[in-house]
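Please look over the sequence and the model shown here before reading the briefing that follows.

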Amino acid sequence: MSIEEENFQKNDNFKLTMLPGAFAKRMRTCVVWQFIRFMVLNIKMLIVVSKSH
Amino acid sequence: MARLVVLGGGVAGHTAATFAAKWLGKEHEVVVVTPNSKWNWIPSNIWVGVGQMKKEEVVFELAPVYKKAGVIYKQAKAVSLNPEGKDTSDKPFVTIEYTQEGKVGESEDVEYDYLINATGPKLNFDATPGLGDGSGQMGTNTVSVCTAEHAVHASHELEKCIQKMKDGERQKILVGTGHGTCTCQGAAFEYIFNVEHELKKAGVRDMADIKWISNESFLGDFGMGGLHMKVGGYVVSSKIFAESLYAERNVEWLIGAHTSKVEEGKIEYELLDGTTGEETFDFAMLLPPFSGVGLKAYAKDGSDITESIFAPNGFMKVDANYDAGAYENWKASDWPKTYQSPAYKNIFAAGIAFAPPHLMSKPMQSPNGTPINPTPPRTGMPSGIIGKAVAHTVCDLITQGEGAHLHEASMAEMGAACVASAGKGLFTGTAAAMTVYPVVPDYDKYPGTGRDTKYTFGEVGLAGHWIKHVLHHMFLYKAKLKPGWALIPE
Ligand SMILES: Cc1cc2nc3c(=O)[nH]c(=O)nc-3n(C[C@H](O)[C@H](O)[C@H](O)COP(=O)(O)OP(=O)(O)OC[C@H]3O[C@@H](n4cnc5c(N)ncnc54)[C@H](O)[C@@H]3O)c2cc1C
């Protein structure tokens with residue numbers, strides 16, 4: 001069963017929010033994509049850090 | 001020769017002391033007074049609390065590091081300040097009580113020219129009956145991850161809980177805040193998802209009911225009044241972001257809750273609508289509320305002047321606007337910039353030790369008058385930046401004289417990078433990587449969200465976990481003053 005069919009039925013709070021679909025979930029631990037995100041996030045964080053010092 | 005005394009060797013104090021020692025050189029003295037012999041990288045206590053790291057990986061001995069830095073280290077806790085000296089001398093001093101083996105209980109008056117109070121929080125377990133043991137320590141009903149020792153204990157209790165599930169016994173797990181005025185929701189958020197991740201790894205997730213309880217009026221408030229961030233092309237409230245993660249991981253939530261009593265296996269709570277209820281548990285990690293560490297202050301004649309230096313919650317008053325009044329009048333500019341005590345110009349506070357002017361979240365109370373709202377977080381990055389700015393100020397005052405420029409580090413003008421772990425594992429781990437700018441919402445500049453959405457974002461993924469891991473090693477490296485440490489940003 002897909003995560004939305006399984007979890008949305010569990011309680012009303014859950015039903016009113018959003019859930020990642022199978023693709024979004026896979027991308028979260030896809031090493032190649034996450035390596036790119038790692039680079040992007042580091043740059044974004046460095047910008048915030050540099051604005052704060 | 002001038003002497004700077006730094007009270008507290010945590011994130012803010014350690015940063016302040018090590019930079020001050022580097023900038024002042026041997027001509028002046030830097031003294032650190034802190035009760036623990038070891039430094040703790042507190043964010044990684046979460047991983048100790050789920051058995052994924054050993055205590056030894058998150059702590060190190062302070063003495064050799066301070067020796068290398070030329071810092072005089074006193075393993076002791078500060079008890080009181082005499083900012084005007086005493087009848088026989090005008091020299092201000094701080095009274096300390098040793099905690100070092102062999103000297104326990106011995107007291108000493110340490111004179112100072114400049115003082116930085118970076119004593120962080122008192123973990124006020126006794127604010128909730130049954131959360132504490134009645135003598136200021138954590139009680140036996142719940143666990144905590146606030147110190148490395150607490151985290152080791154938490155991991156042992158979790159292990160027992162997992163074993164019971166393996167033996168076929170269903171378990172109820174409760175994680176969140178142990179009082180209506182707690183802060184640091186981010187730490188509990190990390191813990192609940194790390195526990196969930198570990199249960200999955202142990203193959204017992206189906207045997208657990210996991211529930212979040214917190215004083216936030218909405219999920220994702222985090223004590224910062226929530227935040228809006230760019231996700232997938234939308235600008236979205238952290239409420240949606242947080243609720244989505246809880247729903248995905250099948251974690252129920254109870255919010256707007258003040259935990260009023262803790263017993264073995266049961267808590268009582270009051271909600272924002274005034275109703276009360278009970279929640280049972282087999283394993284619970286509930287954070288205590290924070291207060292100041294309870295330093296006293298005395299005038300030259302020995303009279304008690306604690307109230308002129310410290311706010312009623314024990315945190316030190318600094319250059320903030322404490323008279324902002326109602327929520328509608330709050331401004332980003334209420335937040336302190338230089339962290340100088342208005343009462344004594346040679347005293348500063350850094351990190352959690354300074355008294356915030358007011359909450360960041362909207363103040364809330366139940367119809368019974370019980371305040372149920374998160375107090376403002378002062379996380380690692382702001383604490384480090386403030387510690388460094390204050391050290392800079394003190395060094396300039398020492399080397400350039402009293403007219404030197406006071407360095408500024410307002411939380412309303414700085415951002416914070418937060419990486420909230422949601423499970424550990426080189427290829428299976430995830431974390432919510434977030435940045436927020438500025439930390440304190442500024443509704444004059446950004447009337448809709450309070451923050452600059454160009455620099456406020458968040459996403460969940462393995463990359464966040466890698467960053468969290470890199471930060472663990474990087475900050476321990478920096479705190480140990482290894483080559484190039486000063487180049488690593490706070
Ligand atoms: C479990 C947990 C996880 C966290 N995770 C994160 C995270 O992922 N990212 C993040 O940015 N922040 C995180 N934080 C918050 C972060 O730890 C704090 O922001 C930071 O430690 C505050 O620094 P500080 O120097 O003000 O206080 P502390 O680091 O607590 O240091 C205070 C120091 O003062 C000492 N002290 C106490 N009393 C006295 C006394 N009377 N005299 C002298 N010294 C005294 C204490 O022993 C301690 O060494 C987390 C906090 C917790 C509890």
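How many of the residues of α6(B) are buried? The helix α6(B) is mostly covered, with 9 of its 11 residues buried, where buried means under 20% relative accessible area, computed with a 1.4 Å probe on protein chains only. This is a predicted model, in which local features need pLDDT of at least 70 and side-chain atom pairs count only at pLDDT 80 or more, whereas totals for chains, interfaces and linings use all residues. Residues are numbered from 1 along each chain as its sequence is written, chains are lettered from A in the order in which they are written, and side-chain values use heavy atoms, with hydrogens and water left out.

**Helix α6 of chain B**

- The buried residues of α6(B) are S238(B), F241(B), A242(B), E243(B), S244(B), L245(B), Y246(B), A247(B) and E248(B); helices here are DSSP runs of H or I with at least four residues, and strands are runs of E with at least two, numbered from the N terminus.
- At the start of α6(B), a side-chain oxygen of S237(B) comes to within 2.9 Å of the backbone nitrogen of K239(B).
- After α6(B) comes N250(B), whose phi is positive, near 55°.

**Interface of chain B and chain A**

- On chain B, 42 residues are in contact with 28 residues of chain A, contact being heavy atoms within 4.5 Å.
- The two chains bury about 2,900 Å² between them, 70% of it on carbon and sulfur atoms; this buried area is the accessible area (1.4 Å probe) that two parts lose on being put together, summed over both.
- The rule finds 3 salt bridges across this interface, each defined as a side-chain nitrogen of Lys or Arg within 4 Å of a carboxyl oxygen of Asp or Glu.
- A salt bridge joins the side chains of E248(B) and R28(A), at 2.8 Å from N to O.
- Elements that give two or more residues to the side of chain B that touches chain A include α6 (238–248), α8 (380–400) and α9 (462–479) of chain B.

**Chain A**

- Chain A has 4 helices and 0 strands, so that from the N terminus on its elements run α-α-α-α.
- The radius of gyration of chain A, taken over C-alpha atoms, is 17 Å, well over the 10 Å that the globule rule (2.2 Å times the number of residues to the power 0.38) gives for 53 residues, so chain A is more spread out than a compact globule.
- The C-alpha trace of chain A spans about 45 × 25 × 10 Å along its principal axes, and buried residues make up 30% of its 53 residues.

How values were computed
Buried < 20%, exposed > 50% of the residue type's maximum accessible area, 1.4 Å probe, protein only. Polar contact = N/O pair within 3.5 Å; in protein donor to acceptor, adjacent residues only side chain to side chain.
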